Amino acid sequence: MAFIDTIYARAKADKKTIVLPESMDKRTFAAAEKILKEGIANLIIIGTPEEIAENSKGYDITGATIVDPFNDPNKQKYIDKFVELRAKKGVTPEMAKEQMEKDYMYYACLMCKCGDADGAVSGACHSTGNTIRPALQLLKTKPGISSVSGFFLMEVPNCELGENGLFVFADCAVNPDLDSEKLAEVAALSADSFKSFVGAEPKVAMLSFSSYGSAKHERVTMVADAVKIANEKYPDIAVDGELQLDAALVPEVAALKAPNSKVAGKANTLVFPSLEAGNIGYKLVQRLAKAGAYGPVLQGLSMPVNDLSRGCFAEDIVGVVAMTAVQAQDAAK
Ligand code: ACO
């Protein structure tokens, strides 16, 4: 079964409520029709009657709950919650109302925070920064987590490496400023994500341009330090490095460059040393190996909120909604 079909099956088995704030985009409604028809999730769509009527033409969204952000009986509850969460940052009720009406992603995050939705998906017509900032401000990280990061579940066709071609790549989406502590945390979160989505034991390679000290540079030391921190803090997770990509993936190269490693030559979870490397790396594999790239999926948030590529198709929205629903199932456990 293809990776995404396993996710659809899991989402359907315990339906969660996902909120879609991008009623200004027709792809939202094309995706909503499929999600509702196939029973992947319950949906809330935020939009005015005009936005909904204009953009849902031709799509059957019977069963979706529509919330008009200008005329919602629950609105005061969300304004109060916004102020409660952000009063220290100077947010007043007037500012909260204005922000929620201007940017529906704030509305969506407040619905999650108040327990009226289990997760949110946006980004078909908003940048990554604008999509995730409301979640970072209002939902915050899980207890004990300092930074949210973003992974891609990569499905490489005809590939025997990783878990039969399945990999988690991180951080590909969020943190422009990584250090050893944050990298170690990305390793632990990515291991959890791999286990949850693939159902196999994660083997985490911390990537660099050096293997086991073959090069000396402060950027190599940063990764090697992250490995030490990860091994101390998360002894149950198989994390190793620093490793070059070939040593991480290919058994013959691992035998030469990192013999006796519990990860080298069999890594399925790749932690990149910078956002540049992660972002470029996943796009290389997606474009050159024609791999499926599901994400960016955020990890470390207190509730699941996920981003879409602005070039996404309706089918991609369906996939990200299903992954968000699975994260919501995990969060409820
Ligand atoms: N984890 C947890 N909280 C965070 C994180 C994080 N990684 N980053 C910022 N925050 C919190 C801050 O602490 C702050 O909280 P506060 O308001 O309660 O004090 C809040 O989020 C806003 O922080 P700022 O630093 O003001 O946030 P800013 O808006 O400048 O940046 C953002 C945050 C959006 C994540 C930024 O780092 C960013 O743009 N990252 C790159 C995103 C990107 O463009 N990725 C590549 C494209 S994605 C793709 O190709 C798939």
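This is a predicted model: local features need pLDDT of at least 70, side-chain atom pairs count only at pLDDT 80 or more; totals for chains, interfaces and linings use all residues.
Reader: In what order do the strands of the five-stranded open sheet stand?

Author: The pairing in this sheet is parallel. Strand 3 (65-67) and strand 11 (305-307) each have a single partner strand, so one side of each is left without a neighbour in the sheet. Neighbouring strands are turned by 25° against each other on average, direction ignored. With the edges at strands 3 and 11, the order is 3-2-1-4-11.

Reader: Which residue of strand 4 stands opposite valine 19?

Author: Strand 1 covers residues 17-20 and strand 4 covers residues 119-122. The two run parallel and are joined by two bridges. The residue of strand 4 opposite valine 19 is alanine 120.

Reader: At what angle does helix 14 run to strand 4?

Author: Helix 2 (residues 26-38) touches strand 1 and strand 2 (42-46), and its direction makes about 160° with that of strand 2. Helix 14 (residues 314-332) lies across strand 1, strand 2, strand 4 and strand 11. Its angle to strand 4 is about 155°.

Reader: Which strands stand at the edges of the six-stranded sheet?

Author: This second sheet is open, with mixed pairing and the order 8-7-9-6-5-10. Its twist averages 25° from one strand to the next. An edge strand here has a single partner strand, so one side is left without a neighbour in the sheet; the two are strand 8 (238-243) and strand 10 (292-299).

Reader: What is the bridge partner of valine 168 in strand 9?

Author: Strand 6 (residues 166-170) and strand 9 (residues 269-271) pair over three bridges, in the parallel sense. In strand 9, the partner of valine 168 is threonine 269.

Reader: What angle does the direction of helix 13 make with that of strand 5?

Author: Helix 13 packs on the six-stranded sheet. The strands touched by helix 13 are strand 5 (149-155), strand 6 and strand 10. With the direction of strand 5, the helix makes an angle of about 20°.

Reader: Which helix gives the largest share of the shell around the ligand?

Author: The shell divides into nine nonpolar, eight polar and five charged residues. Helix 7 (128-138) and helix 13 (275-288) each supply at least two of its residues. The largest share is six residues, and the helix that gives it is helix 7.

Reader: What percentage of the ligand's exposed area does the protein bury?

Author: Of the 22 residues around the ligand, those that come nearest are Arg86, Arg133, Lys140, Val148 and Ala173. A side-chain N or O atom of arginine 86 is 2.7 Å from a ligand oxygen, while ligand nitrogen atoms lie 2.7 Å from a polar backbone atom of valine 148 and 2.8 Å from a backbone N or O atom of alanine 173. Taken alone, the ligand exposes 1000 Å², and the share buried by the protein is 63%.

Reader: What is omega for the cis peptide bond between glycine 295 and proline 296?

Author: Aspartate 171 lies in the loop between strand 6 and helix 9 (180-198). Proline 296, by contrast, lies in strand 10. For the bond from glycine 295 to proline 296, omega is about 0°.

Reader: What phi does tyrosine 212 have?

Author: Tyrosine 212 is in the loop between strand 7 (203-207) and helix 10 (218-233). This residue is not a glycine, yet its phi is positive, at about 50°.

Technical notes:
Residues are numbered from 1 along each chain as its sequence is written. Side-chain values use heavy atoms; hydrogens and water are left out. Two strands pair if DSSP finds at least two bridges between them. Helices (H or I, at least four residues) and strands (E, at least two) are DSSP runs, numbered from the N terminus. Axes are lines fitted to C-alpha atoms, for helices over the stretch in contact, and angles run from 0 to 180 degrees between N-to-C directions. Contact means heavy atoms within 4.5 Å. A residue is near a molecule or strand if one of its heavy atoms lies within 4 Å of it. A polar contact is a pair of N or O atoms within 3.5 Å; within protein, one must be able to donate a hydrogen and the other to accept it, and residues adjacent in sequence count only if both atoms are side-chain atoms. Accessible areas come from the Shrake-Rupley method with a 1.4 Å probe; for residues, only the protein chains shown count as cover. Ala, Val, Leu, Ile, Met, Phe, Trp, Tyr, Cys and Pro count as nonpolar, Asp, Glu, Lys and Arg as charged, and the others, Gly among them, as polar.
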